[in-house]
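Let's take a walk through a protein together. Have the sequence and the 3D view open, and look up each residue as we get to it.

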Amino acid sequence: TRDWSSDVCSSDLVNLQAPDWEPMENWKGVRESLPRTWREGIDRPGARDFRNIVLAEYQNMCSVSRCETRSAIEIAHIVPYFGEESDHIQNAIPLRSDLHKLFDCGLMRIEFDNSNHLYISKIHPIALSDYAEFDYLAIAIPENIFSQPAKGLWK
């Protein structure tokens, strides 16, 4: 095997300094000139208020991971958003953004366990190696029975 320590003097390493990276002076103009695409989105009136209501009911945390960093938490619709009528507390669950993506892609589901009277998360085998800690985990739900997810939605 090669002895790497003999290639560079340790005193040279002490004096070695990397220059700080700086963007080019006209970086804003370059950014503005980049190609743009427009995406169609759905306007969601009242989304901010709905988010605040859901987070308050779930004590400002992800129901699965218990993450409390609000900026990392999104409100997932159990039945996908179809207008303001779908913004119902029983049709919503706060999820950390990566868990929300798994949920929307069908790689994580939430089920009501009738025998134990609790909601559990299940992770699809494709994502299990990265998300095993959340497989068969009892999720946090609001104390208020009228704010808990509707049991009939988890089919």
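This is a predicted model: local features need pLDDT of at least 70, side-chain atom pairs count only at pLDDT 80 or more; totals for chains, interfaces and linings use all residues.

Is Asn91 buried or exposed? Buried means under 20% relative accessible area, and Asn91 has 7%, so it counts as buried.

Now go to another loop, the one between α3 and β1, where you'll find Ser63. Ser63 is buried because its relative accessibility is 0%. What does Ser63 touch, leaving aside its neighbours within four places in sequence? The list is Tyr58, Ile93, Pro94, Leu95, Ile139 and Ala140.

In soluble globular proteins, nonpolar side chains tend to be buried together. The largest nonpolar core here has 26 residues, and the members touching the most others are Val64, Leu95, Leu99, Met108 and Ile110. Which elements give two or more residues to this core? They are the helices α3 (47-57) and α4 (97-105), along with the strands β1 (73-77), β2 (92-96), β3 (108-113) and β4 (118-123). Zoom in on Val64: not counting residues up to four places away in sequence, Val64 touches Leu95, Leu99, Met108, Ile110, Ser121, Phe134, Leu137 and Ile139.

Last stop: the rings. A pair of aromatic rings is described by the distance of the centres and the angle of the planes. Searching the whole structure turns up two such pairs. Phe112 and Tyr119 make an edge-to-face pair, 4.9 Å from centre to centre with 65° between the planes. Phe112 counts as buried because its relative accessibility is 18%, and Tyr119 is buried as well, at 2%. The other pair is Tyr131 and Phe134, with 6.3 Å between centres and 35° between planes, which makes it tilted. Tyr131 is buried at 16% relative accessibility, and Phe134 is buried at 5%. You've met Phe134 already, as one of the residues that Val64 touches.

Terms used:
Residues are numbered from 1 along each chain as its sequence is written. Side-chain values use heavy atoms; hydrogens and water are left out. A nonpolar core is a set of buried Ala, Val, Leu, Ile, Met, Phe, Trp, Tyr and Cys residues joined through side-chain atoms within 4.5 Å. Buried means under 20% relative accessible area, exposed over 50%, partly exposed in between (1.4 Å probe, protein chains only). Helices (H or I, at least four residues) and strands (E, at least two) are DSSP runs, numbered from the N terminus. Contact means heavy atoms within 4.5 Å. Rings of Phe, Tyr and Trp (its six-membered ring) pair if their centres lie within 6.5 Å; planes under 30 degrees apart count as stacked, over 60 as edge-to-face and the rest as tilted.
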